[in-house]
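Subject: Structure handover

Hello,

Here is the structure I promised to pass on. Please open it alongside this note. My findings follow below.

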Amino acid sequence: MTNAADPLSVILVGPMASGKTSVGRRVARRLGVGFIDTDKRIVAAHGPIPALFAEHGEAHFRDLERAAVAQALSEGGVISLGGGAVTDADTRHLLHGHPVVFLTVSEDAVADRLRGGTRPLLAGDDPVERWKRIFAERREWYEEVASISFDTSRRPMQRIADEIVAWRREQR
């Protein structure tokens with residue numbers, strides 16, 4: 001298990017389309033550590049997330065996700081969690097004692113980012129409305145696990161990454 005004092009570990013949480021992967025890759029490069037996207041790991045091992053939801057249900061997916069998060073935390077580095085990872089109490093418990101960054105994004109900014117996406121929880125006529133409802137349901141869980149929060153709505157991802165790196169180095 002990675003020690004919470006490890007200056008090279010950073011966990012990113014936040015709603016869908018908040019920039020976790022985009023910011024995470026930049027933070028990992030700046031810190032000189034690996035980058036792990038738990039959703040990508042799940043896809044590599046088990047297939048596309050929409051198919052997992054359709055064939056096995058959300059509970060099964062959350063079990064796979066919790067295992068992926070636990071494995072990633074044991075490896076360390078910069079770890080990007082899927083937007084819904086915090087809905088699982090055991091996954092939230094795994095995050096305690098780790099440096100967790102909560103990335104937020106405004107409704108306006110997210111509307112641009114969601115166009116043409118294939119996110120199973122946003123399927124339907126009004127993905128932004130669904131995104132707003134899902135974010136409202138999960139916000140307290142993001143805040144529960146977060147050490148600090150950064151808004152990604154209208155600022156360059158590189159600047160946000162630089163601020164996260166500076167914050168993380170101050171935590172040593």
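Which residues are buried in helix 3 (residues 49-56)? They are I49, L52 and F53. Buried means under 20% relative accessible area, exposed over 50%, and partly exposed in between (1.4 Å probe, protein chains only). Helices (H or I, at least four residues) and strands (E, at least two) are DSSP runs, numbered from the N terminus.

Before the rest, some ground rules. This is a predicted model, in which local features need pLDDT of at least 70 and side-chain atom pairs count only at pLDDT 80 or more, while totals for chains, interfaces and linings use all residues. Residues are numbered from 1 along each chain as its sequence is written, and side-chain values use heavy atoms, with hydrogens and water left out.

**Confidence**

pLDDT is the predictor's confidence in each residue, from 0 to 100. The protein chain has a mean of 90, and 90% of its residues reach 70 or more. Over residues 1-5 the pLDDT is below 50. That stretch still has 15 contacts in the model beyond near neighbours in sequence. Contact means heavy atoms within 4.5 Å. Where pLDDT is low, the predicted coordinates should not be read in detail.

**Overall layout**

The protein chain has eight helices and five strands. From the N terminus on, the order is β-α-β-α-α-α-β-α-β-α-α-β-α. There are 172 residues, and 46% of them are buried. Take the contacts with a separation of 6 or more: residues 24 or more positions apart account for 75% of them.

**Back to helix 3**

The buried residues of helix 3 fall within an arc of 100° seen down its axis, so they line one face of the helix. The arc is that of the directions from the helix axis to the C-beta atoms. A54 and E55 are exposed on the other side of helix 3. Cover for the buried residues includes helix 2 (38-46) and helix 4 (58-75). Just after helix 3, G57 takes a positive phi of about 90°.

**Strand 4**

Strand 4 (100-104) comes next. Five of its five residues are buried, so strand 4 is largely enclosed by the rest of the structure. V100, F102 and T104 are on one side, with V101 and L103 on the other. Strand 4 runs parallel to strand 1, joined by three bridges. It also runs parallel to strand 5, joined by four bridges. Two strands pair if DSSP finds at least two bridges between them. V100 is the bridge partner of I11, and S149 in strand 5 is the bridge partner of F102.

**Helix 8**

Helix 8 (residues 157-170) has 14 residues. From first C-alpha to last it reaches 20 Å, close to the 20 Å expected at 1.5 Å a residue. The expected span is 1.5 Å times one less than the number of residues. Its buried residues are M157, I160, A161, I164, V165, W167 and R168. They cover an arc of only 165° around the axis, which puts them on the same side of helix 8. What covers them includes strand 1 (10-13), helix 1 (20-31), strand 4, helix 6 (107-114) and strand 5 (148-151).

**E144**

E144 sits in helix 7 (residues 127-145). At 39% relative accessibility, E144 counts as partly exposed. Leaving aside neighbours within four places in sequence, E144 is in contact with R92 and H96. E144 and L95 are 49 residues apart in sequence and 9.9 Å apart in space, C-alpha to C-alpha.

Best wishes
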